[in-house]
Amino acid sequence: MTFAWQKPGGVFSNGLTMPFSRPVQGVLKDCHFIAALSSYAWMSKLRPNLSGNDGECDLYSFSLFSESRSPAQTVEVSERIWLNNSQYYGARSSDPQEYWPAVYEKAYAAFRSDQITDTPSMKVLDATGNPVMSLVHLTGKTPVFVTNAGLTAEMVFTRIKQKTQGNKTTVPMVAWTYESENAAPAQVIYDNDALVANHSYSILGIFNPPAGGHYVVLRNSFGIGAGEPDEGVAHGEWSHAADSSGSTRLNLDIADGIFALDMNLFHDYFEAFGYVGLH
Amino acid sequence: MDDMRCTIGVRNPFALAELKENRRIEWKELEAGERRERLELDCECSYDKLFSPQSDSPVFGLIPDGAGRWK
């Protein structure tokens with residue numbers, strides 16, 4: 001298996017748009033970055049900055065921030081990504097006709113390694129992190145995080161609800177699970193791909209289905225699902241305030257990695273959640 | 001923010017399976033049960049053990065440097 005920097009096709013499939021549902025994590029341990037990128041795209045109509053051409057490939061520039069309120073650093077990279085023919089290593093898009101998440105991830109790798117290069121070591125992203133810090137890197141905004149332990153499930157749900165309007169989050173929001181079952185105060189079992197230990201998720205909003213209950217709507221950076229808990233997951237159509245694409249409805253389908261989790265399970269299985277503010 | 005844990009990170013098992021097979025897998029064309037079976041086969045780990053670090057799961061393991069070498 002031989003990987004090299006290659007251009008697999010079109011960076012964008014449907015105009016110069018970057019929808020929240022497209023970033024899918026690869027084999028690197030950067031779920032914190034992919035979850036943050038999806039949350040950022042959920043809140044903002046992200047547009048690429050086509051900044052030039054090196055004679056063979058288009059160049060894109062991305063603004064990234066070392067910490068909140070710091071000046072933006074502009075990282076310019078080409079559309080070449082780390083591939084083995086058509087096989088991806090890192091991030092890819094849920095739409096096989098495009099690959100802009102891989103270009104964004106390459107820019108993030110260059111940023112994290114302080115390298116002004118078009119060929120950064122992608123292994124710099126094979127490192128743990130925190131999705132709120134990744135949100136800071138993407139937005140430069142002030143981070144806030146809330147730990148679930150010590151709060152009731154109702155209190156956690158209320159804190160999330162306070163940052164929603166029309167069921168949809170009003171700020172880019174993420175969450176993360178406990179490092180292991182032993183680290184969780186409640187008895188939990190991480191035995192399906194919807195609830196993975198030490199993993200990062202995007203929070204899209206809240207769901208109060210007609211049948212009752214209070215749920216947190218999550219997106220798994222895996223971008224696909226194969227299983228879910230026996231209880232505590234709501235399905236169906238979720239109505240929400242318009243997202244960055246103007247859509248107001250979403251089918252809660254574990255097959256897309258998007259699901260609504262009962263607030264009690266969210267409280268027990270997730271260590272914390274966080275967001276970046278407006279300042 | 002000093003007490004915000006920065007040790008969060010797992011690998012995507014679906015991406016690991018594609019790396020193992022060295023091709024894109026059309027996951028949505030498979031039933032959920034078939035997806036689970038494919039993950040077990042490619043990741044060499046029972047499905048219910050894949051998502052906890054208390055097992056020997058490649059989701060939490062070292063980076064694969066080639067097809068079929070997870071650890």
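Visitor: What makes Glu271(A) and Arg5(B) a salt bridge?

Guide: In this predicted model, their closest N and O atoms are 2.8 Å apart. The rule asks for a Lys or Arg side-chain nitrogen within 4 Å of an Asp or Glu carboxyl oxygen. The pair of Glu271(A) and Arg5(B) therefore counts as a salt bridge.

Visitor: How many salt bridges does the rule find across the interface of chain B and chain A?

Guide: Four. There are also 26 residue pairs in polar contact between chain B and chain A, counting pairs with both residues at pLDDT 80 or more.

Visitor: What does the secondary structure of chain B come to?

Guide: Two helices and zero strands. Of the 71 residues in chain B, 49% are buried. Among contacts in chain B with a separation of 6 or more, 41% are accounted for by residues 24 or more positions apart.

Visitor: Let's move to chain A. Why is helix H3 of chain A called largely enclosed?

Guide: H3(A) covers residues 131-139, and eight of its nine residues are buried, so the helix is largely enclosed by the rest of the structure. To be called buried, a residue needs under 20% relative accessible area. The buried residues of H3(A) include Pro131(A), Val132(A), Leu135(A) and His137(A).

Visitor: How do you know that Asn130(A) caps the N-terminal end of H3(A)?

Guide: Look at its side chain: an oxygen there lies 2.8 Å from the backbone nitrogen of Val132(A). A polar contact needs such atoms within 3.5 Å, so this distance passes the cut-off.

Visitor: What follows H3(A)?

Guide: Gly140(A), which has a positive phi, near 75°.

Visitor: Which domains does the assignment give for chain A?

Guide: Domain 1 (4-129) and domain 2 (142-276). Taken over C-alpha atoms, their centres are separated by 25 Å. The contact takes 21 residues from domain 1 of chain A and 26 residues from domain 2 of chain A.

Visitor: What area is buried between domain 1 and domain 2 of chain A?

Guide: About 1700 Å², with carbon and sulfur atoms giving 60%. On the domain 1 side, Phe20(A), Trp42(A) and Met43(A) lose the most area to domain 2, together 39% of what that side buries.

Visitor: How many salt bridges and polar contacts are counted between these two domains of chain A?

Guide: The salt bridge count is zero, while 10 residue pairs are in polar contact, both residues being at pLDDT 80 or more. On the side of domain 1 of chain A that touches domain 2, strand E2 (23-24) and helix H1 (31-43) of chain A are the elements giving two or more residues. H1(A) gives the most, with 11 residues. By class, this side of domain 1 has 11 nonpolar, seven polar and three charged residues.

Definitions and conventions: Residues numbered from 1 in each chain as written. Chains lettered and ligands numbered in written order. Predicted model: local features only at pLDDT ≥ 70, side-chain atom pairs only at ≥ 80, totals over all residues. Heavy atoms only, no water. Buried < 20%, exposed > 50% of the residue type's maximum accessible area, 1.4 Å probe, protein only. Helix = DSSP H or I, 4+ residues; strand = E, 2+ residues; numbered from the N terminus. Polar contact = N/O pair within 3.5 Å; in protein donor to acceptor, adjacent residues only side chain to side chain. Domains from an automatic or database assignment. Contact = heavy atoms within 4.5 Å. Buried area = accessible area lost by both parts, 1.4 Å probe. Nonpolar A, V, L, I, M, F, W, Y, C, P; charged D, E, K, R; others polar.
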